[in-house]
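Welcome! Take a moment to look over the sequence and turn the structure around on your screen. Then let's walk through it together.

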Amino acid sequence: MFVFFSAGYPSFVHGLTESDIHRHHLPDDIGARWKDLARELEFKETCITNIESDKVSNKECCIALLVKWMEREGEEGATCKTLATALANIGLQNLADRLIGMWVTKLH
């Protein structure tokens with residue numbers, strides 16, 4: 001797996017919330033790449049298919065995916081660092097960088 005950050009970034013290991021996802025418009029920016037993100041976050045194909053059949057748009061699928069991921073991983077696992085690494089691994093480096101930048105702004 002691609003290592004995105006060194007251990008010198010403890011502020012990025014705090015858990016994300018659903019409001020963080022919406023406030024930063026992540027579902028809009030991830031868009032049709034939500035399935036790639038799901039696979040990178042190690043969701044099974046059956047889960048991806050279920051999300052897709054339950055929702056009407058890529059945005060709604062992405063929201064459902066991120067909420068399921070946060071529920072599965074809990075506060076310690078569903079971190080800005082983890083999500084940014086996954087985004088970078090699927091080719092969304094600019095979004096990963098922006099996510100980290102927004103998180104730094106939130107902390108200050």
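How far apart are the end C-alpha atoms of helix H5 (residues 58-77)?

## A helix that falls short

The end C-alpha atoms of H5 are only 24 Å apart, although this helix has 20 residues. A straight helix would reach 28 Å at 1.5 Å a residue; the expected span is 1.5 Å times one less than the number of residues. Along its course, H5 bends by about 65° at Glu-71. The bend at a residue is the angle between axes fitted to the seven residues ending there and the seven starting there.

Before we go on, a word about where these values come from. This is a predicted model, in which local features need pLDDT of at least 70 and side-chain atom pairs count only at pLDDT 80 or more, while totals for chains, interfaces and linings use all residues. Residues are numbered from 1 along each chain as its sequence is written, and side-chain values use heavy atoms, with hydrogens and water left out.

## The overall plan

The protein has seven helices and zero strands, giving the pattern α-α-α-α-α-α-α along the sequence. Helices (H or I, at least four residues) and strands (E, at least two) are DSSP runs, numbered from the N terminus.

Of the 108 residues in the protein, 43% are buried. Buried means under 20% relative accessible area, exposed means over 50%, and partly exposed lies in between (1.4 Å probe, protein chains only). The protein exposes about 6000 Å², with carbon and sulfur atoms supplying 52% of that area. Such areas come from the Shrake-Rupley method with a 1.4 Å probe; for residues, only the protein chains shown count as cover. Now take the contacts (heavy atoms within 4.5 Å): among those between residues at least 6 apart in sequence, 72% join residues at least 24 apart.

Which residues of H5 are buried? They are Cys-61, Cys-62, Ile-63, Ala-64, Leu-65, Leu-66, Val-67, Trp-69, Met-70 and Gly-77. Their cover includes helices H1 (18-23), H2 (26-30), H3 (34-40), H4 (45-54) and H6 (80-89).

Ala-38 counts as buried because its relative accessibility is 0%. Not counting residues up to four places away in sequence, Ala-38 touches Phe-43, Ile-48 and Leu-65. Ile-48 is 10 residues from Ala-38 along the chain, and their C-alpha atoms are separated by 7.0 Å.

## Two loops to look at

Most residues other than glycine have a negative phi. His-25, in the loop between H1 and H2, has a positive phi of about 55° although it is not a glycine. With 46% relative accessibility, His-25 counts as partly exposed. His-24 is found in the loop between H1 and H2 as well, but His-24 counts as buried because its relative accessibility is 13%. Leaving aside neighbours within four places in sequence, His-24 is in contact with Asp-29, Arg-98 and Met-102.

Move on to the loop between H3 and H4, the place of Glu-42. Phi of Glu-42 is near 65°, again a positive value in a residue other than glycine. Is Glu-42 buried or exposed? At 65% relative accessibility, Glu-42 counts as exposed.

## Charged partners

Side chains of opposite charge can pair when their charged atoms come close. A salt bridge is a side-chain nitrogen of Lys or Arg within 4 Å of a carboxyl oxygen of Asp or Glu, and by this rule the count comes to eight. One of them pairs Asp-20 with Arg-23, whose closest N and O atoms are 2.3 Å apart. Both lie in helix H1, three residues apart, about one turn of the helix. An α-helix has 3.6 residues a turn, so residues three or four places apart point the same way. Asp-20 is buried, at 1% relative accessible area, whereas Arg-23 is partly exposed at 44%.

Another salt bridge joins Glu-52 and Lys-35, with the closest N and O atoms 2.8 Å apart. This pair links distant parts of the chain: Glu-52 is in helix H4 and Lys-35 in helix H3, 17 residues apart. Finally, Arg-39 forms a salt bridge with Glu-45 at 2.6 Å between the closest N and O atoms. Salt bridges that share partners join Arg-33, Asp-36, Arg-39 and Glu-45 into one network.
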